[in-house]
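Open the model in your viewer and have the selection tool ready. The stops below say what to select and what is there.

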Amino acid sequence: MLEPSQIEEIADELFAADRSRSTVPRLTARYPGMTVEDAYAVQSLWKQRGIDAGRRLVGRKIGLTSKVMQVATGITEPDYGVIFDDMVYENGSTIPFDSFSNVRIEVELAFVLGKPLEGPNCTIFDVLDATDYVVPALEILSSRIEMAGRTIVDTISDNAAMGGMVYGGNPVKIGDVDLRWVSALLYRNQTIEESGVAAAVLNHPAAGVYWLANKLSQHGSRLEAGEIILAGSFTRPMWVEQGDTIHADYGQLGTITCRFE
């Protein structure tokens, strides 16, 4: 376990890296004894730095929930991060590429909660009952820690690599569609790069949300009504370059388009 002063030093370093759009050397190379709990302590302090600077918490992201993502990262358990108001983009947005580092895109579903969710015994039925609607979303990954050799400790400290999100398509109520069979085609500059089905996320995308509610209870927190929960990617992360146009086709749930300038 790290000392409180080390936790604070790392959080300040990552806060500065986020503001300068730069990266820092891998934490686990510099702090080999750093634990997952240390990483969440760093993330919590980083979150508070953002709130103190005027950012507003609007949701959470869940990462590494599908086998394809775990294989892509070499990490074998989910993680979570926070979503601030200035991270959320509307469908059709032109997004400043230089606002992020190591930019990648993932295909997801977002659950918008109508009721709070609290662990430790939250179930998939609680999630379905609490969800106001589900909407297609793209996650923008941004890594403020060098990527080579990263572990889950590095990723969690880095707000689970959350950079931003784009929402669009057709919001649906629970029960209007079979969420397990929602599929998406992901295009970069008119070329299809990835595709996937939402059941790849823990067999049901809502499963990640109850995992998160139960995990947050260990840290003395809960999910609040109105929060946006990015439930986890069902495609591999796709690298994005400046000037790229991204298009995701969710079939009956509509499409999302954005451009990085």
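The tour goes from a helix to the pocket and cavity, then to the strands, and ends in a loop.

**Before starting**

This is a predicted model, in which local features need pLDDT of at least 70, side-chain atom pairs count only at pLDDT 80 or more, and totals for chains, interfaces and linings use all residues. Residues are numbered from 1 along each chain as its sequence is written, and side-chain values use heavy atoms, with hydrogens and water left out.

Helices (H or I, at least four residues) and strands (E, at least two) are DSSP runs, numbered from the N terminus.

**Stop 1: helix α1**

Select residues 4-20, which form α1. The expected span of a helix is 1.5 Å times one less than its number of residues. For the 17 residues of α1 this gives 24 Å, and the end C-alpha atoms are 24 Å apart, which agrees.

Now colour I7, I10, A11, L14, F15, A17 and D18, the buried residues of α1. They cover an arc of only 160° around the axis, which puts them on the same side of α1; the arc is that of the directions from the helix axis to the C-beta atoms. Buried means under 20% relative accessible area, exposed over 50%, and partly exposed in between (1.4 Å probe, protein chains only). An α-helix has 3.6 residues a turn, so residues three or four places apart point the same way. For the other side of α1, select S5 and R19, which are exposed.

**Stop 2: the largest pocket**

Select D18, R21, R55, D86 and S99. Of the 15 residues that line the largest pocket, these lie nearest its centre. On a 1 Å grid over the protein atoms alone, a pocket is an open set of points with protein on both sides within 12 Å along at least five of seven lines, a cavity is a set of points where a 1.4 Å probe fits but cannot get out, and lining residues have an atom within 4 Å of a point.

The volume of the largest pocket is about 230 Å³. Grid points are joined across faces, edges and corners, and a volume is the space filled by probe spheres set on the points.

Which elements each supply at least two residues of this lining? They are α1 and β7 (162-167), and α1 gives the most, with three residues. By class, the lining has six nonpolar, three polar and six charged residues. Here Ala, Val, Leu, Ile, Met, Phe, Trp, Tyr, Cys and Pro count as nonpolar, Asp, Glu, Lys and Arg as charged, and the others, Gly among them, as polar.

**Stop 3: the cavity**

The structure holds one cavity of 30 Å³ or more. To find the largest cavity, select its lining: L14, D18, W46, R144, S157, D158 and N159. Its volume is about 30 Å³, and its lining divides into two nonpolar, two polar and three charged residues.

**Stop 4: strand β5**

Select residues 104-113. Ten of the ten residues of β5 are buried, so the strand is largely enclosed by the rest of the structure. On one side are R104, E106, E108, A110 and V112, and on the other I105, V107, L109, F111 and L113.

Two strands pair if DSSP finds at least two bridges between them.

- β6 (residues 131-141) runs antiparallel to β5, joined by ten bridges; V112 stands opposite Y133.
- β10 (residues 228-230) pairs with β5 in the antiparallel sense over three bridges; I229 is the bridge partner of F111.
- β11 (residues 238-239) is joined to β5 by two bridges, also antiparallel; R104 stands opposite W239.

**Stop 5: a five-stranded sheet**

Show β4, β13, β12, β8 and β9, which in that order make an open sheet with mixed pairing. At the edges stand β4 (94-95) and β9 (191-197), each with a single partner strand, so one side of each is left without a neighbour in the sheet.

Zoom in on β8 (residues 183-188), which is joined to β9 by six antiparallel bridges. Here L185 stands opposite S195, and A184 has G196 as its bridge partner. Two residues lie between the strands of this hairpin, where N189 takes a positive phi near 55°. β8 also pairs with β12 (residues 245-249), antiparallel over four bridges, with L186 opposite A248.

**Stop 6: G54**

Last, select G54, in the loop between α3 (36-52) and β1 (57-63). Is G54 buried or exposed? G54 is exposed, with a relative accessible area of 62%.
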